[in-house]
Amino acid sequence: MPGVLLTLPAPLRRALWAQVRRELPRECVGALGGWVRGEQVQAHALYPLPNVAADPEREYLADPGDLLRVVRAMQREGLDLVALYHSHPHGPAAPSASDRRLAAYPVPYLIADPAAEVLRAYLLPGGEEVEVRSADESN
(Lines give C-alpha, C1' and ligand atoms only; values in the text may rest on other atoms or scores of the structure.)
Protein backbone atom coordinates (compact mmCIF):
# COMPACT_ATOMS: atom_id res chain seq x y z
CA MET A 1 0.00 0.00 0.00
CA PRO A 2 2.67 2.56 -0.85
CA GLY A 3 1.34 6.07 -1.24
CA VAL A 4 -1.55 5.57 1.19
CA LEU A 5 -3.22 8.78 2.35
CA LEU A 6 -5.34 8.82 5.52
CA THR A 7 -7.76 11.74 5.83
CA LEU A 8 -8.68 12.50 9.43
CA PRO A 9 -11.43 15.12 9.83
CA ALA A 10 -10.67 17.87 12.36
CA PRO A 11 -13.39 16.77 14.85
CA LEU A 12 -11.95 13.25 14.94
CA ARG A 13 -8.42 14.59 15.35
CA ARG A 14 -9.60 16.72 18.29
CA ALA A 15 -11.41 13.75 19.87
CA LEU A 16 -8.32 11.57 19.48
CA TRP A 17 -6.10 14.18 21.16
CA ALA A 18 -8.67 14.65 23.94
CA GLN A 19 -8.53 10.92 24.64
CA VAL A 20 -4.73 10.95 24.58
CA ARG A 21 -4.68 13.71 27.22
CA ARG A 22 -7.41 12.07 29.34
CA GLU A 23 -5.52 8.78 29.49
CA LEU A 24 -2.12 10.23 30.50
CA PRO A 25 0.15 8.79 31.82
CA ARG A 26 -1.35 5.64 30.29
CA GLU A 27 -1.29 4.79 26.60
CA CYS A 28 -4.67 5.23 24.96
CA VAL A 29 -6.06 2.95 22.27
CA GLY A 30 -8.89 3.06 19.79
CA ALA A 31 -10.12 2.39 16.27
CA LEU A 32 -11.22 4.48 13.31
CA GLY A 33 -14.08 3.52 11.03
CA GLY A 34 -14.51 4.84 7.53
CA TRP A 35 -14.01 4.00 3.87
CA VAL A 36 -11.13 2.85 1.70
CA ARG A 37 -11.08 3.84 -1.96
CA GLY A 38 -7.90 2.62 -3.58
CA GLU A 39 -5.10 4.17 -1.56
CA GLN A 40 -7.37 6.88 -0.13
CA VAL A 41 -8.50 6.15 3.42
CA GLN A 42 -11.21 8.40 4.87
CA ALA A 43 -11.88 8.21 8.62
CA HIS A 44 -15.47 8.93 9.59
CA ALA A 45 -15.88 7.72 13.19
CA LEU A 46 -13.64 7.32 16.24
CA TYR A 47 -14.11 4.47 18.70
CA PRO A 48 -12.11 4.81 21.94
CA LEU A 49 -11.26 1.49 23.60
CA PRO A 50 -10.04 0.66 27.10
CA ASN A 51 -6.36 -0.21 27.43
CA VAL A 52 -6.24 -3.60 29.18
CA ALA A 53 -2.45 -4.07 28.93
CA ALA A 54 -0.63 -5.37 32.00
CA ASP A 55 1.59 -2.25 31.97
CA PRO A 56 -0.64 0.45 30.39
CA GLU A 57 1.95 3.20 30.94
CA ARG A 58 4.33 1.41 28.55
CA GLU A 59 2.11 -0.62 26.21
CA TYR A 60 -1.41 -0.89 24.89
CA LEU A 61 -3.81 -3.74 24.34
CA ALA A 62 -7.40 -3.36 23.21
CA ASP A 63 -9.73 -5.90 24.78
CA PRO A 64 -10.47 -8.35 21.92
CA GLY A 65 -14.18 -8.49 22.82
CA ASP A 66 -14.47 -4.70 22.83
CA LEU A 67 -12.65 -4.48 19.51
CA LEU A 68 -14.98 -7.08 17.99
CA ARG A 69 -18.03 -5.13 19.23
CA VAL A 70 -16.60 -1.94 17.67
CA VAL A 71 -15.96 -3.66 14.32
CA ARG A 72 -19.52 -4.99 14.34
CA ALA A 73 -20.84 -1.50 15.12
CA MET A 74 -18.83 -0.15 12.19
CA GLN A 75 -20.34 -2.78 9.89
CA ARG A 76 -23.87 -1.86 11.03
CA GLU A 77 -23.05 1.76 10.15
CA GLY A 78 -21.69 0.80 6.72
CA LEU A 79 -18.09 1.50 7.74
CA ASP A 80 -14.89 -0.52 7.65
CA LEU A 81 -12.03 -0.64 10.12
CA VAL A 82 -9.63 1.83 8.47
CA ALA A 83 -7.07 2.47 11.22
CA LEU A 84 -6.07 1.73 14.79
CA TYR A 85 -4.47 4.29 17.07
CA HIS A 86 -2.61 4.50 20.34
CA SER A 87 -0.34 6.91 22.16
CA HIS A 88 3.25 6.91 23.34
CA PRO A 89 2.99 9.17 26.43
CA HIS A 90 6.75 9.74 26.49
CA GLY A 91 7.25 9.67 22.72
CA PRO A 92 8.23 9.22 20.04
CA ALA A 93 5.42 8.91 17.50
CA ALA A 94 7.18 5.94 15.91
CA PRO A 95 6.42 2.22 16.15
CA SER A 96 8.11 0.35 18.99
CA ALA A 97 9.35 -3.22 18.65
CA SER A 98 6.22 -4.46 20.42
CA ASP A 99 3.98 -2.32 18.15
CA ARG A 100 5.53 -4.08 15.15
CA ARG A 101 5.38 -7.52 16.73
CA LEU A 102 1.73 -7.24 17.78
CA ALA A 103 0.36 -5.60 14.61
CA ALA A 104 -2.48 -7.83 13.45
CA TYR A 105 -4.52 -5.75 10.98
CA PRO A 106 -3.66 -4.52 7.45
CA VAL A 107 -4.62 -0.92 8.28
CA PRO A 108 -2.61 2.17 9.23
CA TYR A 109 -1.61 2.41 12.90
CA LEU A 110 -1.63 5.98 14.19
CA ILE A 111 0.73 6.85 17.04
CA ALA A 112 0.29 10.04 19.07
CA ASP A 113 3.16 11.66 20.97
CA PRO A 114 1.54 14.12 23.40
CA ALA A 115 4.83 15.68 24.53
CA ALA A 116 5.72 16.74 20.99
CA GLU A 117 2.07 17.02 19.85
CA VAL A 118 2.83 14.80 16.86
CA LEU A 119 0.53 12.28 15.20
CA ARG A 120 1.98 9.86 12.64
CA ALA A 121 0.70 6.71 10.95
CA TYR A 122 2.44 3.56 9.77
CA LEU A 123 1.71 0.30 8.02
CA LEU A 124 2.90 -2.38 10.41
CA PRO A 125 4.85 -4.53 10.87
CA GLY A 126 6.95 -3.07 8.03
CA GLY A 127 6.90 0.49 9.32
CA GLU A 128 6.14 2.36 6.08
CA GLU A 129 4.88 5.83 6.99
CA VAL A 130 1.37 6.83 5.89
CA GLU A 131 0.50 10.45 5.21
CA VAL A 132 -2.16 11.78 7.60
CA ARG A 133 -4.07 14.75 6.24
CA SER A 134 -6.37 16.88 8.34
CA ALA A 135 -9.70 17.78 6.88
CA ASP A 136 -12.65 19.87 7.91
CA GLU A 137 -15.90 18.00 8.46
CA SER A 138 -17.21 19.54 5.23
CA ASN A 139 -14.41 18.02 3.12
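Start by selecting L6, L8, L16, L32, Y85, L110 and L119: of the 22 residues in the largest nonpolar core, these touch the most other members. A nonpolar core here is a set of buried Ala, Val, Leu, Ile, Met, Phe, Trp, Tyr and Cys residues joined through side-chain atoms within 4.5 Å, and buried means under 20% relative accessible area with a 1.4 Å probe, protein chains only. β1, α1, β3, β4, β5, β6 and β7 each give two or more residues to this core, and α1 gives the most, with 4.

A caveat: this is a predicted model, where local features need pLDDT of at least 70 and side-chain atom pairs 80 or more, while totals for chains, interfaces and linings use all residues. Numbering starts from 1 along each chain as its sequence is written, and side-chain values use heavy atoms, leaving out hydrogens and water.

Zoom on L6. Skipping residues up to four places away in sequence, L6 touches V41, A43, A83, L110, V130, E131, V132 and R133, a contact being heavy atoms within 4.5 Å. Apart from this core lies another, of 20 residues, among them V29, Y47, Y60 and L81.

Now go to cartoon. Pick residues 5–9 and 40–49: β1 and β3 run parallel, joined by 3 bridges, and L5 has Q40 as its bridge partner.

Technical notes: Two strands pair if DSSP finds at least two bridges between them. Buried means under 20% relative accessible area, exposed over 50%, partly exposed in between (1.4 Å probe, protein chains only).
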